[in-house]
Amino acid sequence: MKVYEGASVLKFLSGNISAGDINMRCPSCGFDFTHIREVGTLMGQDEHEAVVYKGTGIIGKTKSRRSAIQIIFDCEGCTDTFALVIQQHKGNDFLQVWADIGPKNPQRFRWYEPDE
Ligand SMILES: [Zn+2]
């Protein structure tokens, strides 16, 4: 698994398919055709700050104090399963893309341990 943070996330947000619309691109092969598989909460570590986001269930955890939203995608062009993660941090929501979280390692897909 590889985690993209900061400006490197932007290369996976593309407008290649429909002019003016932004779509997700696969971080492994760059393909523009992807499918949403699942959405859920990654629980934060702080017992007072971490929450389960309304409309979701817990699908993993994050090393941060506050929880994150994880949107999981499958790629039509390769076997990658990847995620867009929106991590709450104080007053900001930071974007990450997690590549290759899928079938090759289903346990990591469910319960990603950032410190491993
Ligand atoms: Zn792909």
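Is His35 buried or exposed? In this predicted model, His35 has 10 C-beta neighbours inside 10 Å and therefore counts as exposed, the limit for that class being 12 or fewer. The residue belongs to strand E4. Setting aside residues up to four places away in sequence, His35 touches Phe73 and Asp74. Its C-alpha atom is separated by 9.2 Å from that of Met24, a residue 11 positions away along the chain.

Strand E4, spanning residues 34-43, pairs with strand E6, residues 68-75, in the antiparallel sense, and eight bridges join the two. Within this pairing, Thr34 has Cys75 of E6 as its bridge partner. Both strands are part of an open sheet of six strands with mixed pairing, arranged in the order E1-E8-E7-E6-E4-E5. Strand E1 (2-4) and strand E5 (58-61) form the edges, each pairing on one side only. From one strand to the next, the twist averages 30°.

Most residues other than glycine have a negative phi. Lys90 is located in the loop that links strand E7 (81-89) to strand E8 (92-99), and it counts as exposed because 8 C-beta neighbours lie inside 10 Å. Asp100, likewise not a glycine, has a positive phi of about 60°. This residue lies in the loop between E8 and helix H1 (106-110). With 18 other C-beta atoms within 10 Å, Asp100 is partly exposed, since a buried residue would require 20 or more.

Key. Residues are numbered from 1 along each chain as its sequence is written. This is a predicted model: local features need pLDDT of at least 70, side-chain atom pairs count only at pLDDT 80 or more; totals for chains, interfaces and linings use all residues. Two strands pair if DSSP finds at least two bridges between them. Helices (H or I, at least four residues) and strands (E, at least two) are DSSP runs, numbered from the N terminus. Axes are lines fitted to C-alpha atoms, for helices over the stretch in contact, and angles run from 0 to 180 degrees between N-to-C directions. Two residues are in contact if their C-beta atoms, placed from the backbone, lie within 7 Å.
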